[in-house]
Amino acid sequence: MTGKIQQAYAMKNKEDLIFKSPEGLTEELVRKISEDKNEPEWMLKKRLQALKIFNEKPMPNWGPSLKDLDLNKIHFYMRPNAKNSRSWDDVPKEIKETFDKLGIPEAEKNALGGVGAQYESETIYHNLKKDLEKKGVIFTDCDTGLKEHEELFKKYFMTKCISPNLHKFSALHGAVWSGGTFIYIPKNVKVEIPLQAYFRMNATKGGQFEHTLIIADEGSELHYIEGCSAPEYLESSLHAGGVEIYVMKNARVRYSSIENWSKNTFNLNTKRAVVEENGIIEWVNGNLGSHTTMLYPCSVLNGKNSKSDYIGIAYAGNGQYQDTGCKIYHLNKNTSSTVLSKGISVDGGVSSYRGLVKINSGATDSKSSVRCDGLMLDNKSKAMTLPSMDVNENQVEVSHEAAVGKVGEEDLFYLMSRGLPESEAIKLIVSGFIEPVVKALPLEYAVELNKLIELEIENSVC
Amino acid sequence: MTNKKILEIKNLHVEVDGKEILKGINLTLDVGKVNALMGPNGSGKSTLVNTIMGHPKYKITKGKIIFGGKDVTNFTPDKRAKLGIFLSFQYPREISGVSVSKFLKATSKEINPNFSLFEFKKKLKENSELVEIPNEMTERYLNDGFSGGEKKKNEILQMLMLDPKLVMLDETDSGLDVDSLKTVAKGVNALMNNKKCIFIITHYKRILEYIKPDKIFIMLNGKIVLDGDGKLADELEEKGYGWIEED
């Protein structure tokens, strides 16, 4: 099993692309992307506006250093040599082999709603179970979504959830976004099986800017699973996706994602949910790969009694910096949020929890509880917790706990005295440390995450 | 005669943080025997058993530890465990997120090359019953939130599962009520046979009423100063350690 995963991560398909943009970002390229996708005029305008904002905004001057990210050396757009297809048979052989190694067809066999797999910057394979179609569920790629549901896109695409104005990389995303997933769940429809999408980037210097737009209408329920893994390549790479989730009144959305980009990727992702009255957003956020991650899933608790639950796990190995955490805005009465975050650092890696709880004046009876823990496996590594609280209302309950520590010599001795070699003892301690998070994952993910982390530890400790 | 020796300690000197705690220990333990080590607080009893188990904090500056004819002085704790050395901890560590059964499965796989899940489950059930650990407790996280008594019983369950040759009990009786003590003793006595050896560290002769010692060693200030048969415990209980002189 381990060997299989290793192989899957080390492999890289021959680049087979119809179009690969030259390095760097220009207005010409943005126009080319829009034209290539045959987009309506308003989308092109939106892109150009975002490009303008991108050019005006400064790079972030906090958190991990981005000095090694050379935006002039990134390919901002590419298409794989495949048309959108519904059937597995239509997927090109080479791409299929890659998916095979990552276990996608098996995942599908296990009745995971539908599989949307993004290869490079465009969705090539989408499969939606018929019963979902009957219920009126839309589960498609964003390009098709824009064509077929233009009014929904006008209203919800990068408007009040993620604005291009948020920060430099949301602006970049707005300018060059390509592919991704669009989901609409009609009123009172409960999708009982998780919908799952796998995507990966492959070409050298590939930038990936996929957009996920989820609209859960009133009273609906959805669990969406997104996972990424990228094979290794050498030159600097950038991922700046955007995930927008609208949780309407009485709706509930769980968004699970384990990101495992290759170790030279800058993962500067933006994820945001707007939650209306009685709505619930649940984030499950795993970050293992990439060179640098800056990702802070955000819940805007807009409606009364709305709720956000966040579970996060980050693993930073040699040369990696994982800067992640949850942001919650309590804007209305009786809103509540919980955060449980676990960070592991090993072999010089840095893992930090950076979060924000903001409670507005008038958001009475709101509650927030944050717990963030960091575990360092050696003296070379760093773990930090940087939770911020901005509370502007007296009638609230806010709690915060943080624990950062090293794997204890006494714990190791105890486990080793029962016959476990040091590396096995460390693995067991780590598996216990992340257990509260793993427990909350869907089974397929829990197994995969445990295996990935074991593999990472084997590579760095032994 | 030599094949009866399971543990031989020769002129063992041990330092912790630059301070010498063990000052030349000589000790031989035989198979088929129950031994007890007694002595006042700070005399070095825990240091001795932790050193035998291979705790990295305890630095051996001189001397040797021979187990089953093998020089294990520089072995890591897991290698010693695989050879059959077991230590019941005075303060068992709490390992959150790792269930007792998951932990026992991992260790059993390491110790037993012919591990079978079926056998493991059977053994876990039998041994849990023996030391009165309810099934659901083995699904709880290792020692996490366990009472003092539960922790000690759990140590004995681990001992039974690993089936070691040398069992060292580091104040396993401390803080136990009489029922728990009897349960612990029942577990230890169930393991004991003529191929095994028990080494009990205690302050009180109470545990020795349930696990009968063949030999008692007295430790003072980093040295073993006296040994005798089971009756020595009564004498200590009566007179304390004051009457024993170093060298």
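## The nonpolar core

The largest nonpolar core of this predicted model has 175 residues. Within this core, A:V176, A:I214, A:A216 and A:V247 have the most contacts. Helix α11 of chain A gives the most to the core, with nine residues.

Which residues does A:V176 touch, leaving aside its neighbours within four places in sequence? The contacts are A:L25, A:V30, A:I33, A:F76, A:Y77 and A:F209.

## Chain A in outline

Chain A has 462 residues, and 53% of them are buried. Its secondary structure comes to 12 helices and 25 strands. Consider the contacts in chain A with a separation of 6 or more: residues 24 or more positions apart account for 83% of them.

## Strand β13 and its partner

Strand β13 of chain A covers residues 252-260. Seven of its nine residues are buried, so the strand is largely enclosed by the rest of the structure. Strand β13 pairs with strand β15 of chain A, residues 280-287. The pairing is parallel and runs over eight bridges. One of the residues to look at is A:S256, whose bridge partner in β15 is A:V284.

In general, strands of a sheet pair through backbone hydrogen bonds, either parallel or antiparallel. Both senses can be found here: β13 and β15 of chain A are parallel, while an antiparallel pair in chain B, β9 and β10, comes up below.

## Two residues with positive phi

A:M158 has a phi near 45°, a positive value in a residue other than glycine. A:M158 sits in the loop between α8 (150-156) and α9 (168-176) of chain A.

A:S290 is another residue other than glycine with a positive phi, near 70°. A:S290 lies in the loop between β15 and β16 (292-295) of chain A. A:S290 also counts as buried, because it has 27 C-beta neighbours inside 10 Å.

## The sheet in chain B

Six strands of chain B form an open sheet. Their order is β6-β7-β8-β3-β9-β10, and the pairing is mixed. Which strands lie at the edges? They are β6 (85-88) and β10 (223-228) of chain B, and each pairs on one side only. Neighbouring strands of this sheet are turned by 20° against each other on average, direction ignored.

Helix α5 of chain B, residues 148-162, packs on the sheet. This helix touches β6 and β7 (166-170) of chain B. The direction of α5 makes about 170° with that of β6. Elsewhere in the sheet, strand β9 of chain B, residues 215-220, pairs with β10. That pairing is antiparallel, over five bridges. B:M219 stands opposite B:I224 in β10 of chain B.

## Where the chains meet

The contact between the chains takes 19 residues from chain A and 24 residues from chain B. Two elements give two or more residues to the side of chain A that touches chain B: α10 (409-416) and α11 (422-438) of chain A. The largest share, eight residues, comes from α11 of chain A. By class, this side of chain A has nine nonpolar, four polar and six charged residues.

Helix α10 of chain A has buried residues of its own: A:F413, A:Y414, A:L415 and A:M416. What covers them? The cover includes α11 of chain A together with α2 (77-83) of chain B.

## Confidence in the model

The predictor gives the complex an ipTM of 0.97 and a pTM of 0.81. Chain B averages a pLDDT of 93, and 98% of its residues score at least 70. Chain A has a mean pLDDT of 82, with 77% of its residues at 70 or more.

Two stretches of chain A deserve a mention. Over residues 104-125 of chain A the pLDDT is below 50. Beyond near neighbours in sequence, that stretch has 84 contacts in the model. Over residues 229-236 of chain A the pLDDT is also below 50. Beyond near neighbours in sequence, this second stretch has 33 contacts in the model.

How values were computed: Residues numbered from 1 in each chain as written. Chains lettered and ligands numbered in written order. Predicted model: local features only at pLDDT ≥ 70, side-chain atom pairs only at ≥ 80, totals over all residues. Buried ≥ 20, exposed ≤ 12 C-beta atoms within 10 Å, placed from the backbone. Helix = DSSP H or I, 4+ residues; strand = E, 2+ residues; numbered from the N terminus. Pairing = 2+ DSSP bridges. Contact = placed C-beta atoms within 7 Å. Axes fitted to C-alpha atoms, helices over the stretch in contact; angles between N-to-C directions. Nonpolar A, V, L, I, M, F, W, Y, C, P; charged D, E, K, R; others polar. pLDDT = per-residue confidence, 0-100. Core = buried A, V, L, I, M, F, W, Y, C linked by C-beta atoms within 7 Å.
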